[in-house]
Number of protein chains: 2
Amino acid sequence: MEASLAELKQRLAEITDLGRAQYVLAWDMDVWMPPSGASARAAQLATLEAVVHERQVDDRIGELLDELEPYAKSLPEDSDDACLIRVARRNWERLRRIPTELAAKLAKIQAESHHAWVKAREESDFSAFRPWLEQVIELRRRYIECFAPYDDPYDVLLDDYEEGTRTVDVRAVFARLEPELTALVAEHAAEANEDDFMTGSYPVDAQEALSRELIERFGATWDAFRLDRTVHPFETTFGLGDIRLTTRYSDDDFQSLFTAMHECGHGLYERGISPSLERTPLCRGASYALHESQSRLWENIVGRSLPFWRWFYPRVQESFPGELGSVSLERFHRAVNRARRSFIRVDADETSYGLHIMLRFELEQELVSGRLAVKDLPEAWSSRFRELVGLEVPNDRLGVLQDAHWSGGSLGYFPTYLLGSVLSVQIWEKARETITDVDEQIERGDFSELHGWLRENLYALGSKFTPQETIERVVGGPIDPEPYLRYLREKLRALATA
Amino acid sequence: MEASLAELKQRLAEITDLGRAQYVLAWDMDVWMPPSGASARAAQLATLEAVVHERQVDDRIGELLDELEPYAKSLPEDSDDACLIRVARRNWERLRRIPTELAAKLAKIQAESHHAWVKAREESDFSAFRPWLEQVIELRRRYIECFAPYDDPYDVLLDDYEEGTRTVDVRAVFARLEPELTALVAEHAAEANEDDFMTGSYPVDAQEALSRELIERFGATWDAFRLDRTVHPFETTFGLGDIRLTTRYSDDDFQSLFTAMHECGHGLYERGISPSLERTPLCRGASYALHESQSRLWENIVGRSLPFWRWFYPRVQESFPGELGSVSLERFHRAVNRARRSFIRVDADETSYGLHIMLRFELEQELVSGRLAVKDLPEAWSSRFRELVGLEVPNDRLGVLQDAHWSGGSLGYFPTYLLGSVLSVQIWEKARETITDVDEQIERGDFSELHGWLRENLYALGSKFTPQETIERVVGGPIDPEPYLRYLREKLRALATA
């Protein structure tokens, strides 16, 4: 039994190593790779994917899991080993359904397609990206068929990001949110140019210095974190001591501060996973929505709050005296929280953000089911965007080409962003029950107790438990859109009457 | 036959991909990785090494090679396929001798040991690095035993860098060079402070701009090259369209210009390999000495010549007017060519450089044979350095800890640097026979014909042929120290009488 467990752990550790090697190659591809390196890199990623997949689905893992079944049953359900065996079995059974050849093709097309997307986005030309997206969708359909029978083809995709969450569950949450968010946007949306200082001259060096200062204060340390630049910001983990955040800067706004706090939230989650789970499949956040709950918690609930800006706004004013010297704290705080109609999801305010997600959730389902052809996607995007957000999309760059996800084959990912926003408020309210003076702490720039609570109650668990169990453990109940709606309503009301 | 060839090529392509994935991880480790990432990275490199090794020694490759033997014999000897099959057989037979477990251990210890070296070097403390080096040497001895019987244990190490070159061959070349180089240094070595402008205030940004300008002019293009910073500069290839150069800057000298030209020479070699060899084991320089011949050719023969500085010195003066505004071209040219006694190999002038190599060549042989214990290495270094170069080594940082090679397990590598210097002059003289006005071209900052000649006659070949065959093809004879000695003597004489 001990030998089997050791062998299983060794195999899983090696699979983790190889997966992280893929992350390193993908990160380099986005951050540093010169363009002529694309085809060789695509080949490397495809080969690595084939190697990883082959090892993941090795018969021997199934044998070891069978041998270890009695041992697992003898353990407390929440022990590391019991959780490891459960997750390893789920992964193995799931991946056994995907032919190695399909996995390699997906990895290769996604790398190439990503490169095509970068170029198409620069040129705001969907037609250049269309053939790639068609291939991605086609391969994703083949992927879905590996999991037949299913209730909804989209369930299969969702399950890669949110184990056990079904399309109908998401629809239920979103159906509750849609009319409320639409009404809030209608009631509170800013007039054009109301907050003129939101664009201006914001030198990138100063933004980078502020970003670094913020994530240090939140609890990131440079012995284990990096912050680099990419077209599309993300967080990736090469080891519990090697967390890579990426961000982007524009010299005419200061959105990068929120991007840095967002990616830092992801990074703190990963960095906080119990070291006992290193090099195991439990060594990651419990789900994409839970991950997003942490990026959103740090970016929005903390990072757009009045106590936070009471602490940090003077530093920002110092850095941009020409633009913000005469802008009051209250005006600034209102501007960074105001509901607005806008084109770009990642720059959207908290209230309208959900509408951007619903759009993608609907279009993805239609693409996958075949109800929508890729060639008709830009038009469908425009038409649905008009209904949801109330704006005319002027070009592909500000519309259908804005996100990297589809180019990377990530369908089923978007809804987790909004589920994460919903969860972030539930988790925040729970943390507040214990840390009753958290607002005062934040106003002093002290985030250590909050960070500690989150680490202890959520981060350390890694993915030992299912998303549902994890949520239950942290907040004492299931996902619930009401606290999120209440939070938005109260915030917008306070801003309106301030 | 066709199916076997296709399968062999596919397997070799995947091995190439995985090897390049290792390079990406190693490059990131040196260029960007935060320190707490070291242990996870070491595990990733070890796992990848095991995967690569397993694939390299797969029985199936031997079967395919046997099946393809008649086909290979039917081909012209210099055809890509015949060369591929020859090199694949050599690699397979060689690697079959190394147990997978030993290969993985070597990869892991080398990654960890490299990290220990970086720290020990910073602190100039050999004792902190000693236990790591002891393990490296021990594993290297086990490696050597895999190739028993051998004439000289060092032959085994050398063969990894210079196929077919034996320790006695190196000794013969070095024995011819040693008294001559010693005499040249004794005759021409500069007095202290003679070239006081060699140190001064040289802002790093300006050095970087000049480095980039130079390598662009040499023929590197940014769609396929990068230049980043590391402790120890190197070149690494992720694909024929993805060449990574690294360099280092010190704000009190301008050595970085020579480092950039040096690494660029390596990069141009790799970038010039025939695209038909991409993703095969032929897709690399023919040997380490031939590689070094190109870094040395661009750095020294071109980059320290009077025609070169007639072209480029005004640009350097413009960048550093305070330090160099009143230094004449002749004085500058003499200074960057002058023989000097110094501690650091990579900063050494062309003449004394060989003595630094001989030191390492001797110590490596003694370490490997056991005649020298690791604990006695600093003392042996100091004593032999005194004899060869005539200086007292003041500390480990300026002595035994200066190079990264041993920490990475690279024993047998150093002699190729001097062999490369020797070859660089032979190749240069051959190129000059065709491009009779190369000096005039260089004086105009035009390197295209030289680059073209080298690409056509050397770079494009990759490692289709053995080092000896490649040398024969390019210069029409074997390695010969006489042109190198003549080159040094003439240069130093001209400087002395200028």
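A residue counts as partly exposed when its relative accessible area lies between the buried limit of under 20% and the exposed limit of over 50%. In this predicted model, B:Arg279 has 25% relative accessibility and therefore counts as partly exposed.

**Interface of chain A and chain B**
- The contact draws on 36 residues from chain A and 36 residues from chain B, and the two chains bury about 2800 Å² between them, with 61% of that area on carbon and sulfur atoms.
- Six salt bridges are counted between the chains, and one of the salt bridges joins A:Arg244 to B:Asp28, whose closest N and O atoms are 2.8 Å apart.
- Across this interface, 12 residue pairs are in polar contact, both residues being at pLDDT 80 or more.
- On the side of chain A that touches chain B, the elements giving two or more residues are α1 (2-31), α2 (38-56), β1 (225-229), β2 (235-239) and β3 (242-247), and by class this side has 17 nonpolar, six polar and 13 charged residues.

**Cis peptide bonds**
- The bond from A:Ala148 to A:Pro149 is cis, with omega near -5 degrees, and A:Pro149 sits in the loop between α6 (126-145) and α7 (153-159) of chain A.
- In chain B, the bond from B:Ala148 to B:Pro149 is cis, with omega near -5 degrees, and B:Pro149 belongs to the loop between α6 (126-145) and α7 (153-161).

- B:Arg279, in the loop between α10 (256-271) and α11 (288-302) of chain B, has a positive phi near 60 degrees.
- B:Ser124, in the loop between α5 (100-122) and α6 of chain B, has a positive phi of about 50 degrees, and B:Ser124 counts as partly exposed because its relative accessibility is 22%.

Conventions: Residues numbered from 1 in each chain as written. Chains lettered and ligands numbered in written order. Predicted model: local features only at pLDDT ≥ 70, side-chain atom pairs only at ≥ 80, totals over all residues. Heavy atoms only, no water. Contact = heavy atoms within 4.5 Å. Buried area = accessible area lost by both parts, 1.4 Å probe. Salt bridge = Lys/Arg side-chain N within 4 Å of Asp/Glu carboxyl O. Polar contact = N/O pair within 3.5 Å; in protein donor to acceptor, adjacent residues only side chain to side chain. Helix = DSSP H or I, 4+ residues; strand = E, 2+ residues; numbered from the N terminus. Nonpolar A, V, L, I, M, F, W, Y, C, P; charged D, E, K, R; others polar. Buried < 20%, exposed > 50% of the residue type's maximum accessible area, 1.4 Å probe, protein only.
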